[in-house]
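Biologist: Let us go through the labels one by one. I want each name set against its definition.

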Amino acid sequence: MARRLVALLGMVAAIGLAAGPRTWTTEKWFDKPRSPRIANYNIEATLDFEHKTLEGRETLTWRNSGTAPAVEMPLHLYLNAFKGPQSLFMKESGGRIQAGRMDHPEEGTSWGYCRLLSVRMEGRELEGHDGEDETVRWLKLPRPVQPGETIHVDITWENRYPKVIARSGWAGNFLMSSQWFPKVGVYQGDRWNCHAYHASTEFFADFGVYEVTLSLPNALGLAHTGTCMAQVDPDGIERDAAPDPKRPLNFIWRLHAEDVHDFAWAVMPRESWRRPAMFEYRGVQVFYYINGPNRGNFQRQRRAVENALRWSEEWYFKYPYPTLTVIDTPKEARPADGMEYPTLVTASSVAFDPLQLRFEPEQVAIHEVGHQFFYGMLASNEFEEPWLDEGFTSWFTYKAMERSYHSLLGGRRFQVGTDFEEWVTYWGLPSADPLTRFGFKTLNLLSYNVGAYAKPTFVLNELEAMLGRPVMEQVMRAYAQELAFRHPDRQDFKRIAERVSGRDLSSFWRDFVEGTEVLDYAIREVRTQDTTEGGWLFSEKAPVFAAPQPAAPGRVGSITLERRGGIRAPITLWVRLENREEQRLVWDGQDRWMTYEFDSPVAAAVLDPDGNYPMLKDHLHASYTPKPVRRGFHYWAQMVWGAVAGWMQGCGIG
Ligand SMILES: [Zn+2]
């Protein structure tokens, strides 16, 4: 009941139908905290939209949930990744990531920063030093903070937003304010876990309550994490009044979110953003800030978000927050697109797509909303184990796409699986890094993508094939429900999978999670030979020559299997012989090859006929028929269609 009221309030405020109440009220979403609420922020910030700067003040209320006293405290200052070419981020990425780059390095306007002005605790200014680079500042606490103790730290800072790159910054008159405030690391056991901002990896933070007050120019529309409690115009000017350059800071937005571990927002002049489309899905108010030219995609976007919420509820648990905001970013701000924040995602669509050939907005929307669970609520360490978020989310995306779209869009008719992209990525560089490698320590960005997104999709498919779908669903549900808001790691997942399935997964774990070998079997050779008998026969008297002639059974067959990859797993071979006999054989896969002989030629053969190994590389060479497959109309239709669709996607037409 209360939740509905909050959502409605936010809705009314956001669409500007009426001015919000003049008094601020303290609202809360949950009667019982969902999370341990370790890092809580009370933030006040003022945006200078013209100069793309922000002045901020925050009180961090932090509890030591570790086992030892904390003597220092690290703060992420993420925007310093874009301060200059010397940052770790810039050196690792060369300034090019996610289609964004620093266009005019000589111009200060392209670059950004986050500058600490003051950090105080118990009346004392804290001394500090930079960590690996300026994206983390380590501050010496005035005294050790004991386990269980709560402290308040007052911080003032200023930002300059960069030209949009890697999720943050401005483009045209759009501004994505993400990774925008000084943010404490995670204290685990007796040490801090707080990595610098790397080019490939994402984030890790503790949960808490956010009270955010933003002072924004009155002509701006705002999309944000959480709910909007009230809007205040100190001078009573209508929110929709024409912008007045002399009054750049007319509106104060008070925002609230709880049991989240980050907070993001975006602004755009109201005339270009207009009002958000919105709908309710099972108690969740979904706000959709649509980019003008893409307005026609609203129904597609809506279905995608509903599908994501539906399947995540069925497979994990119900999305618990009152709101979900989806931003369809403008074209020029693409580096901010396809990103997830608590209760807020960016997921753009494409204006011209009459045949609905593209996976956008569906795939992006389902993926980003899926992140609300693995990034948002499970909240594993994305620096160190990115696959527990990106990989699980990719698997969710692929599953939800398959369940939701049975038409041309889902690829069923044209036999292109929704995991095809992951398949291509995985086999592009399958063995460089195990899933246990820290995300920023992989060989290169491709290997990061393999380990974070592609390989885990197949590892989870493998696990499902091994356990069966009903057990796999129980495993995932138990993992999500038991460890939400708890920062699980891979050992937690293994423990739950073993407990729920009742199976020992250590060899699976060794091969697929800790190992870098691949699963690759093939039918190397199929032979048919005539059986003949004759030649010199030795009798007691003298050798006799009998002319060679066909012998029963006439012809015999053999098949040689090959293990091309390093993973040794038993694999089934199904064969049908010309004499119509069928056989199923299991090869243990220990050697590199194995030949089976039959007393009739092989008419057809399939390796892994039951699909126990979704990860098997080469399906083409895992089956055999004596005659090549006839390429009929269906084949050529797929080829032509695929080429046209691919060309359109490549050109950005669709
Ligand atoms: Zn993702």
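Modeller: Start with a turn. β6 and β7 form a hairpin with 2 residues between them, and E122 in that turn has a positive phi of about 50°. This is a predicted model: local features need pLDDT of at least 70, side-chain atom pairs count only at pLDDT 80 or more, and totals for chains, interfaces and linings use all residues. Residues are numbered from 1 along each chain as its sequence is written.

Biologist: What makes β6 and β7 a pair?

Modeller: Two strands pair if DSSP finds at least two bridges between them. Strands are DSSP runs (E, at least two residues), as helices are (H or I, at least four), numbered from the N terminus. β6 and β7 (residues 124–125) are joined by 2 bridges, so they pair, and they run antiparallel. M121 stands opposite R124 in β7.

Biologist: Which bridge partner does R115 have in β10?

Modeller: E158 is the partner of R115. Strand β6 (residues 113–121) and strand β10 (residues 150–160) have 7 bridges, in the antiparallel sense.

Biologist: What makes β26 and β30 edge strands?

Modeller: The open sheet has 3 strands in the order β26-β27-β30, paired antiparallel. β26 (521–538) and β30 (593–598) each pair on one side only. β26 and β27 (residues 543–563) share 15 bridges. Q529 stands opposite V556 in β27.

Biologist: Now the helices. Why are α7 and α8 called oblique?

Modeller: Axes are lines fitted to C-alpha atoms, for helices over the stretch in contact, and angles run from 0 to 180 degrees between N-to-C directions. The axes of α7 (residues 420–428) and α8 (residues 445–467) come within 8 Å and cross at roughly 125°. Under 35 degrees counts as roughly parallel, over 145 as roughly antiparallel, 65 to 115 as roughly perpendicular, and the rest as oblique. α7 and α8 are therefore oblique to each other.

Biologist: Which hand does the crossing of α7 and α8 have?

Modeller: Left-handed. That term applies if the near helix is turned anticlockwise from the far one by less than a right angle; clockwise gives right-handed.

Biologist: What makes α9 oblique to α10?

Modeller: The axes of α9 (residues 469–483) and α10 (residues 490–501) come within 9 Å and cross at roughly 130°. That makes α9 oblique to α10. The crossing of α9 and α10 is right-handed.

Biologist: Which residues make the contact of α9 with α10?

Modeller: Contact requires C-beta atoms, placed from the backbone, to lie within 7 Å. Among the residues in contact are V471 and Y479 of α9, and F493 and I496 of α10.

Key:
Two residues are in contact if their C-beta atoms, placed from the backbone, lie within 7 Å.
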